[in-house]
Amino acid sequence: MNRKDSKTENAGLAVWQLLLIIVFSGIVSSFILPQFIKRQNSPVIDKVVKENLILFSEKNGLTPIECNSQDNNNDGWIQCRAEDNNKDIINLQCGYDQRHSSCKIDKN
């Protein structure tokens, strides 16, 4: 029996290869997961924003019109519109998460 034949080869991953795979997976998932979660919660976000728009409008004598469907800068506010008694359009920002549970007048 040859001594070379009985020698087993390293069949597993090296530690540096395993760490490289973990780091790469983390980077990829940090880009993919937020988009997936946002798409999954879109109907919930739409519902909460519309409810906040309606409640704010009732309290302030406005007629709710519509809201955008996305938070473009991920600040927790979505652009909405309402109408006052003079038929003027009022631009609002309405919240959809635990940070912001109402609407505010958009001064821009």
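Select Leu-62 to begin. Setting aside residues up to four places away in sequence, Leu-62 touches Phe-56, Ser-57, Ala-82, Glu-83, Asp-84 and Ile-90. Contact here means heavy atoms within 4.5 Å.

A note before moving on. This is a predicted model, where local features need pLDDT of at least 70 and side-chain atom pairs count only at pLDDT 80 or more, while totals for chains, interfaces and linings use all residues. Residues are numbered from 1 along each chain as its sequence is written, and side-chain values use heavy atoms, with hydrogens and water left out.

Buried means under 20% relative accessible area, exposed means over 50%, and partly exposed lies in between (1.4 Å probe, protein chains only).

**Along helix H2**

Select Ile-45, found in helix H2. Its relative accessibility is 15%, so Ile-45 counts as buried. Beyond its neighbours within four places in sequence, Ile-45 is in contact with Ile-78 and Tyr-96. Now pick Asp-97 as well. The C-alpha atoms of Ile-45 and Asp-97 are separated by 7.9 Å, with the two residues 52 apart along the chain.

Next, go to Asn-52, also in helix H2. Is Asn-52 buried or exposed? Asn-52 is buried, at 9% relative accessibility. Leaving out residues up to four places away in sequence, Asn-52 touches Cys-94, Gly-95, Tyr-96, His-100, Ser-101, Ser-102 and Cys-103.

**The disulfides**

Show the cysteine sulfurs. There are two disulfides, each a pair of cysteine sulfur atoms within 2.5 Å. In sequence order, the bonded cysteines of the protein chain pair 1-2, 3-4.

Zoom to Cys-67 and Cys-80. A disulfide joins them, S to S 2.0 Å. The link of Cys-67 and Cys-80 is right-handed, with 105 degrees about the S-S bond. Cys-67 sits in strand S1 (residues 63-67) and Cys-80 in strand S2 (residues 77-83), so the pair ties together parts 13 residues apart in sequence. Cys-80 is buried, at 2% relative accessibility.

Move to Cys-94 and Cys-103. These are also joined by a disulfide, S to S 2.0 Å. Their link is right-handed, with 105 degrees about the S-S bond. Both Cys-94 and Cys-103 are buried.

**The salt bridges**

How many salt bridges are there? The count is three. A salt bridge is a side-chain nitrogen of Lys or Arg within 4 Å of a carboxyl oxygen of Asp or Glu.

- Lys-47 and Glu-51: their side chains meet at 4.0 Å, N to O. Both lie in helix H2, four residues apart, about one turn of the helix. Lys-47 is exposed at 53%, and Glu-51 is partly exposed at 40%.
- Arg-81 and Glu-66: the closest N and O atoms are 3.7 Å apart. Arg-81 is in strand S2 and Glu-66 in strand S1, so the pair ties together parts 15 residues apart in sequence.
- Glu-83 and Lys-87: their side chains meet at 3.8 Å, N to O. Lys-87 is exposed, at 60% relative accessibility.

Key
Helices (H or I, at least four residues) and strands (E, at least two) are DSSP runs, numbered from the N terminus.
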